[in-house]
Amino acid sequence: MRRQKQLEVKRVVFIFVLLLFASSVSAKEKPVSILSHNVFFNTDAYDISTEEFQKLLDFIKATENIDIERMSIVGFCDDRGSLAYNKQLSDKRANVIRNIIAKYRNSDKKPKIVKTKGKGEVQLTTTEKTLFKELRSLNRKVTIVIAPKKLIAGSFYGEDVKKGDLIKLNGLKFKKGLRYLTPESLSSLKELTAFLVKRKNIFFTINGHVCCTKGGRESKDKETGKLNLSEVRAKFIRDYLVKNGVNPKRVRYQGLKGQYNLGGNNNEDKRVELLIRYISK
């Protein structure tokens, strides 16, 4: 009986150690991706609360060792005041956050902050009166978006890719409002296809993105009228790859709409990325 209890204890300890190991491995294999953080403000205020300040410091610390290519800082308001007032207030909020990041980010890898501005507009709207107050509070914020260097690297075909890499495919450009590539993009697509046909051990996901514009115009497929442009663009690339020799079991695709903007101009946000899910031996 005693021996049985000892074996049971050993079994529990073994499982616990195994779980800890799996957790550490999982943490190391986290994909390189766009990171974002929201800082929320009180009504008509642009000074940051103690709680939000601490959350921001935690975010700065968590991203301290990331080699950042660029950072976007954008302020939002609710609709309490005039457009001019909202714009001014959201600008102040964005600049407060910029100054805090500049002061407390101690890394040698200084980020290039490409956009610090206030939109002076609501980001969420609703006709439900019961939700209106809560939604307005969600608009009193500054959004920070970080793009790691690996994300916006150019052609990666000469590099050693690894699980978790997220690579922007700079050579693939789409016709306005359509899923189809521009003629000059065909050579880049052929290059991508040749690489993926050769590297049969790479399993990946194609991420489609569009820029985020008011009313969702950039999300609409002009051919069908559906708001799924980011998805059908990703599917277009997937279908081409499969048709030209890439095993469909290796390929997934998804449309991420305008959720993950890079912080540059709108044309840079209309992009396709390759997420390396894993590489078999």
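Helices, counted when they have at least four residues, and strands, counted when they have at least two, are DSSP runs numbered from the N terminus. The exercises below concern a predicted model, and each is followed by a worked solution.

**Exercise 1. Describe the protein as a whole: how many helices and strands are there, and what share of the residues is buried?**

Step one is to take the secondary structure, which comes to seven helices and eight strands. Step two is to turn to accessibility, where buried means under 20% relative accessible area; of the 281 residues of the protein, 37% count as buried. Step three is to consider the contacts between residues at least 6 apart in sequence, of which 76% join residues at least 24 apart.

**Exercise 2. Find which residues of helix 2 are buried, and say what they pack against.**

Begin with the extent of the helix: residues 50-62 make up helix 2, which has 13 residues and reaches 18 Å from its first C-alpha to its last, close to the 18 Å expected at 1.5 Å a residue. Next, list its buried residues, which are E52, L56, F59 and I60. Seen down the axis of helix 2, these buried residues fall within an arc of 100°, so they line one face of the helix. The face turned away from that buried side carries the exposed residues T50, E51, K61 and A62. Finally, look for the partners of the buried residues of helix 2, and you will find that they pack against strand 1 (35-40), helix 3 (83-104) and strand 4 (141-148).

**Exercise 3. Work out what span helix 3 should have, and where its buried residues lie around the axis.**

The 22 residues of helix 3, at 1.5 Å a residue, should span 32 Å, and this agrees with its end C-alpha atoms, which are 32 Å apart. The buried residues of helix 3 are N86, L89, S90, R93, A94, I97, I100 and I101. Because these residues fall within an arc of 135° when helix 3 is seen down its axis, they line one face of the helix. On the face turned away from the buried side, helix 3 carries the exposed residues A84, N99, A102 and K103.

**Exercise 4. Decide whether V145 and S219 are buried or exposed.**

V145 lies in strand 4, and because its relative accessibility is 13%, V145 counts as buried. V145 is also 109 residues away from S36 in sequence, yet the two are 4.4 Å apart in space, C-alpha to C-alpha.

S219 lies in the loop between strand 6 (202-208) and helix 6 (229-243), and with a relative accessible area of 13% S219 is buried too. Leaving aside neighbours within four places in sequence, S219 is in contact with V210, K226, L227, N228 and L229.

Methods: Residues are numbered from 1 along each chain as its sequence is written. This is a predicted model: local features need pLDDT of at least 70, side-chain atom pairs count only at pLDDT 80 or more; totals for chains, interfaces and linings use all residues. Side-chain values use heavy atoms; hydrogens and water are left out. Buried means under 20% relative accessible area, exposed over 50%, partly exposed in between (1.4 Å probe, protein chains only). Contact means heavy atoms within 4.5 Å. The expected span of a helix is 1.5 Å times one less than its number of residues. The arc is that of the directions from the helix axis to the C-beta atoms.
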